[in-house]
Amino acid sequence: MNHINRRLFLAGAAILPAACGKLGAVPVAPTAAGPVPVNPLIKQRADAQIFRHDDGYYYMTGSVPEYDRLVLRRSKTIAGLSTATEVVLWRHEKTGPMSGFLWAPELHMVDGKWIVYFAAGPSGGGEDVFRIRSYAVVCDGPDPMTGKWSVLGELQTPWDSFNLDSTIFTHKGVRYMAWAQREPGIETNSNLYIAKLESALKLGSKTVRIAVPTLDWEIRGYKVAEAPAVLHRNGRLFMTYSASATDARYCLGLLTADENADLLDAKSWVKSPQPVFVTNRATSVYGPGHNSFTVDEKGRDILVYHGRDYETIQGDPLLNPDRHTRVQRLYYTADGTPDFGVPVGNGPLPERFIAAADPKRLMAHDGMRLVAGNPALPQTQFRQSPGRAGTESIMLSPILMPDHYLVAAKDGSISLEKDSKNADFALRSQFVRFEEKASDTLRFVAISAPGKAIGTVGDQLRLVPSRDATAYWRAD
């Protein structure tokens with residue numbers, strides 16, 4: 001093994017001067033550019049909400065496996081949330097309607113006060129524990145991490161029935177609340193509703209039903225539409241929601257409304273006929289759902305959700321603790337609709353690499369074949385991991401084939417190969433990532449072929465001279 005490491009190190013050292021060329025090309029180690037979130041971001045935190053407040057902090061809350069307390073953590077970066085100190089804001093009461101399960105907390109600023117909305121039921125066992133209603137606690141100070149929290153009250157909806165997952169948003173100066181509830185006379189577990197919000201717990205308009213689970217992917221195990229989350233982009237409001245049972249069948253649906261529409265008209269909300277985010281066995285994420293939205297440190301949209309990394313669950317899925325908080329980039333199609341892709345799997349967040357010479361060509365793959373094109377989003381997402389030739393080397397792997405890596409051949413071809421763990425594979429799969437600060441581009445120089453880098457030749461990925469125009473990429 002020492003011989004292998006020395007061979008790789010010497011090969012890597014030999015290419016650095018030639019590849020750097022002029023000043024400005026900087027070899028970048030996998031973590032040198034700043035903290036990269038690693039999935040799962042936070043283990044055993046379901047129903048995840050992360051948002052960036054105007055104080056510069058990211059705040060995160062979610063359901064704990066014991067369902068007995070409301071928790072909060074914060075960090076200056078998304079990646080930092082994984083190790084940030086978590087504080088307990090409030091614990092369920094000893095008796096009464098808030099003494100059992102506590103579900104799906106959300107932190108919001110309402111009329112200058114920090115509010116946490118959550119769902120709760122009584123203890124005691126039996127069906128009574130599912131007498132779930134929505135409540136709020138309020139903070140007595142400006143810092144939600146250190147202030148004292150107390151019960152504000154119960155949300156009053158038109159029916160005294162199962163309800164949960166309250167969220168609020170403001171559009172055109174009007175504050176709205178959306179939530180999930182079981183409506184008498186409709187044989188579902190929960191539907192989606194919206195109303196104007198007058199104050200933290202008082203609705204300020206009629207209540208409008210905007211979605212009922214009827215499609216096959218919404219009624220697997222249970223007839224569920226829950227956990228609304230709202231994103232305003234590209235002239236439309238997009239409302240995601242979660243559907244079906246909380247096992248591997250759990251998934252995200254999407255409602256869309258024009259930004260100028262009457263949000264209290266049910267006809268304004270159009271349901272997508274297919275789910276937009278589902279279990280993916282290739283990436284080993286099961287039951288992705290109950291999402292929220294935030295932006296990363298560069299202002300790019302981030303999808304936050306929970307999911308398990310295995311499929312078979314022993315016992316009641318609700319009592320399984322392994323719904324982990326996950327994050328990933330949210331992209332958009334040409335018409336401005338969110339493209340959720342697939343859950344990207346465990347490990348550092350993947351990137352997309354767009355050819356600087358031809359933005360219509362991305363580093364991509366079609367099964368085992370590497371291409372320069374623009375196929376479906378998941379085929380263009382690659383994960384960078386530390387290489388085996390010292391601190392400067394990296395390896396690239398497609399998210400849909402996490403055990404395969406890009407390797408360079410002597411004839412200049414580049415292919416996907418499963419890690420064989422031998423010295424030859426270790427050499428051919430190593431690249432050095434150089435970032436050109438002046439042009440905001442990067443190159444992947446092959447350690448096994450000094451002076452050569454990953455580039456495009458037509459619709460193929462091949463090794464080209466490291467200063468060739470087609471060797472430059474932009475990370476997305």
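In what order do four strands form an open sheet, and is the pairing parallel or antiparallel? The order is β7-β8-β9-β10, and the pairing is antiparallel. Strands β7 and β10 (149–154) stand at the edges with a single partner strand each, so one side of each lacks a neighbour in the sheet. From one strand to the next, the twist averages 30°.

The model is predicted; local features need pLDDT of at least 70, side-chain atom pairs count only at pLDDT 80 or more, and totals for chains, interfaces and linings use all residues. Residues are numbered from 1 along each chain as its sequence is written, and side-chain values use heavy atoms, with hydrogens and water left out.

Strands (E, at least two residues) are DSSP runs, numbered from the N terminus. Two strands pair if DSSP finds at least two bridges between them. Angles run from 0 to 180 degrees between N-to-C directions, with axes fitted as lines to C-alpha atoms. Within the sheet, β8 (residues 113–120) and β9 (residues 133–139) run antiparallel and are joined by six bridges. Val-116 stands opposite Val-137 of β9.

The second largest pocket has a volume of about 810 Å³. A pocket is an open set of points on a 1 Å grid over the protein atoms alone, where a 1.4 Å probe fits, with protein on both sides within 12 Å along at least five of seven lines; lining residues have an atom within 4 Å of a point. Volume is the space filled by probe spheres set on the points, which are joined across faces, edges and corners.

The lining of this second largest pocket comprises 27 residues. Phe-51, His-108, Ile-168, Phe-169 and Val-230 lie nearest the centre. At least two lining residues come from each of β3 (46–52), β7 (102–110), β11 (163–171), β16 (225–233) and β20 (286–295). Strand β16 gives the most, with six. By class, the lining has 14 nonpolar residues (Ala, Val, Leu, Ile, Met, Phe, Trp, Tyr, Cys and Pro), nine polar (the others, Gly among them) and four charged (Asp, Glu, Lys and Arg).

Backbone geometry was also examined. Most residues other than glycine have a negative phi, and most peptide bonds are trans. The Asn-39 to Pro-40 peptide bond is cis, with omega near -5°. Pro-40 is in the loop between β2 (38–39) and β3. Ser-244 has a positive phi, near 70°. Ser-244 lies in the loop between β17 (236–243) and β18 (251–258). The relative accessible area of Ser-244 is 2%, and the residue is buried (under 20% relative accessible area, 1.4 Å probe, protein chains only). His-290, in strand β20, has a positive phi near 40°. His-290 is buried too, at 6%.

Technical notes:
Buried means under 20% relative accessible area, exposed over 50%, partly exposed in between (1.4 Å probe, protein chains only).
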